[in-house]
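Have a look at the structure, then read on.

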Amino acid sequence: MKLLVLREGVHGTNASAYADLLRDRLPDHEVVHARTREAELREIRDARVATGIDIDTALLERAERLRLFAGAYAGHSHLPLDALSERDVAVTNAVGVHAPNVAEYVLGALLARVRSFREGYRRQERAEWRPFEVGELAGSTVTVVGLGAIGSAVVERLNPFEVETVGIRANPEQGGPADTVHGPDGFHDALARSDAVVLACPLTEETRGLVDEPEFTTMPTEAHLVNVARGPVVDTDALVTAVRRNVIGGATLDVTDPEPLPADHPLWGFENVQVTPHNAGATPAYYDRLADILAENVEHAAAEGFEELRNQVA
């Protein structure tokens with residue numbers, strides 16, 4: 001079976017490493033890495049599997065034998081799903097690849113907040129040996145919105161810190177690793193008693209603007225918001241107002257709306273807001289995990305066809 005690795009890598013990395021890992025895992029299959037646009041257009045003609053960040057119309061029109069597109073990101077709403085479906089091409093995503101590293105990002109953000117690392121850094125810059133106030137995670141309450149792979153990994157890493165965890169998910173009957181799990185109707189009750197709120201949910205019509213002025217008002221004044229979901233899950237103007245008026249204690253944002261965040265945006269200027277450029281998902285193990293998923297699916301497809309694949313979304 002021929003697999004085509006498209007030329008664009010994830011998080012600024014070279015996709016050749018991904019192709020090498022696939023060759024190691026699939027020695028009985030042909031793995032081709034297209035390094036140019038011309039090579040993509042040529043090699044897609046007889047490829048049974050293509051993998052990468054996206055696939056466009058020009059490639060699909062030339063994909064005479066394609067049966068699977070393996071997306072390199074957890075999200076798949078940017079893909080031409082209708083066009084892929086019309087050509088009977090299955091689609092998988094990278095759900096689970098980000099979970100360990102994004103969960104570490106969240107844990108780091110919460111620890112940095114309660115231990116006042118930012119204040120410690122400021123005093124170090126001034127060579128100032130003077131104690132400052134700190135807190136601890138133990139005994140606090142953290143609400144995690146979204147209990148998919150990432151949200152569950154966050155909860156699992158918080159458990160050893162003796163944190164009370166509250167999970168919010170669309171279907172609470174599915175449960176999860178949090179101490180308690182509620183549906184959307186329990187969101188405000190959870191906010192009202194949270195020391196920190198972690199957003200790890202997908203962006204949908206239901207979650208767009210999920211955290212707005214009423215939600216910030218419900219949160220305790222010392223509560224910290226961590227967003228590793230998508231920027232539009234939070235109303236940015238409401239967040240700026242909440243921070244400026246000390247309605248909440250602060251925020252850690254790996255995603256923003258708009259994104260990239262303009263250089264003159266007020267969120268850059270708050271001492272209690274940490275902004276990172278959507279790289280919580282970056283990890284040196286990314287391609288290893290991605291290759292594991294695709295290799296498993298290729299072996300499955302070779303034996304049983306392109307149905308019931310791991311992470312199949314279409």
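1. Helices here are DSSP runs of H or I with at least four residues, strands are E runs of at least two, and both are numbered from the N terminus. Keep in mind that this is a predicted model, where local features need pLDDT of at least 70, side-chain atom pairs count only at pLDDT 80 or more, and totals for chains, interfaces and linings use all residues. Residues are numbered from 1 along each chain as its sequence is written, and side-chain values use heavy atoms, with hydrogens and water left out.

2. On a 1 Å grid over the protein atoms alone, a pocket is an open set of points with protein on both sides within 12 Å along at least five of seven lines, a cavity is a set where a 1.4 Å probe fits but cannot get out, and lining residues have an atom within 4 Å of a point. Points are joined across faces, edges and corners, and a volume is the space filled by probe spheres set on them.

3. The second largest pocket holds about 790 Å³. Of its 29 lining residues, A112, R113, V114, S116 and H224 lie nearest the centre. Helix 5 supplies the largest share of this lining, 6 residues.

4. The largest pocket comes to about 1400 Å³. It has 42 lining residues, with A200, C201, P202, L203 and R230 nearest its centre. Helix 7 (residues 149–158) gives the most to that lining, 3 residues.

5. As for cavities, 3 reach 30 Å³ or more. The largest cavity is about 50 Å³, and D257 and L267 are among the residues lining it.
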